[in-house]
Amino acid sequence: MTDDCISTTTIEYITKATLKMNTTTPRNPTDSIRFEDEIGDRPDALGMGIMGGEEPSSENKTANGVLQTHQTNGKVVSFEIASVARMPTERNAMEYNMNHKRRGHALIFNHEFYDIPSLEPRKGTNVDCEKLKNALKNLDFDVKVHKDCKLRELYKHIEKAASQDHSDNDCIAVAILTHGEHGYLYAKDVMYKLENIWHYFTAHECPTLAGKPKLFFIQACRGDRLDPGIKLQKTETDGETFSEMTYRIPVHADFLISYSTIPGFYSWRNTTDGSWYIQSLVEELNRNGKKYDMLTLLTFVSQRVAVGFESCVPSRPIMDQQKQIPCLTSMLTRILRFNEKPNKTN
């Protein structure tokens, strides 16, 4: 009935699987400042490459800019100089420009079955996926669904999306429906961190999305803690009733990441109706998606989950009558509102 989180006994299996694929798994993104030592390239505990070894040249090309290096206390310090991208919205505009030719791409990664023995199938996720796909289509997104991807496949789809020209698009959306725990999400075969996905869409890596909203919706556990909630009741005192032509932005601006639950906590899913979070998100997108701005919509999503749902597992008292609250991380710099597309194409 629920998204069961993973016990620590599975970590050894997952770590070995991740280390095995390390030679072909994409590395972490280049940080704005990276300190390199003489250790050489090596995998960390989850198979992500730690860069080092050969000293880089004094000037190397990056995905979108120039990588400068110099010595600091015996360390090689690498940093990217500022890049240039086309301005999609006027500097002081209150709202994002949502009047491009197309709304943009939406990718849904739907995970039901896993190669990891301890991960149970996520019954009900296909209901979530279908409803979310239709809701995003109603907002004029070009939606693509990817089912039960291994990590290599997931990276491949993300890289392809990030490499496309988004000049005529308003934004991009990515939804991930999967198991998760304590900062990690699960592909079909191994675990990974969400930052290894969204870094592909930063302004340096994907300049045609610079200054445009990049939306992530994550349905997954973030731990195994439960929230019993608290009962509210009234008391006797309660009533009844720079220049306008150019400007710079941080490369990590304009991201919004909406999680189904807060760090460390369980995320509930009904095997018939789907997860509480996706049910609520779809309901708000369908009812008010073109009426309210995104932060208002997600506030109402939180209200729906917090007030409208409670677990019912009488056979397991510790799981019974539990609550849930979604969690939002926003780096948006303007109001995001899905307007009507006047020249909507089928």
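## Strand pairing around E7

Leucine 107 stands opposite lysine 144 in E8, where strands are DSSP runs of E of at least two residues and helices are runs of H or I of at least four, both numbered from the N terminus. The model is a predicted one, in which local features need pLDDT of at least 70 and side-chain atom pairs count only at pLDDT 80 or more, while totals for chains, interfaces and linings use all residues. Residues are numbered from 1 along each chain as its sequence is written, and side-chain values use heavy atoms, with hydrogens and water left out.

E7 and strand E8 (residues 142-147) pair in the parallel sense over 6 bridges, pairing being assigned if DSSP finds at least two bridges between two strands. Between E7 and E9 the pairing is likewise parallel, over 8 bridges, and glycine 104 has cysteine 171 of E9 as its bridge partner.

## Burial

Of the 9 residues of E7, 8 are buried, that is, under 20% relative accessible area with a 1.4 Å probe and protein chains only. For the protein, 48% of the 346 residues count as buried.

Leaving aside residues up to four places away in sequence, leucine 132 touches Ile108, Ala175, Ile278, Leu281, Val282 and Leu285, contact meaning heavy atoms within 4.5 Å.

Definitions and conventions. Buried means under 20% relative accessible area, exposed over 50%, partly exposed in between (1.4 Å probe, protein chains only).
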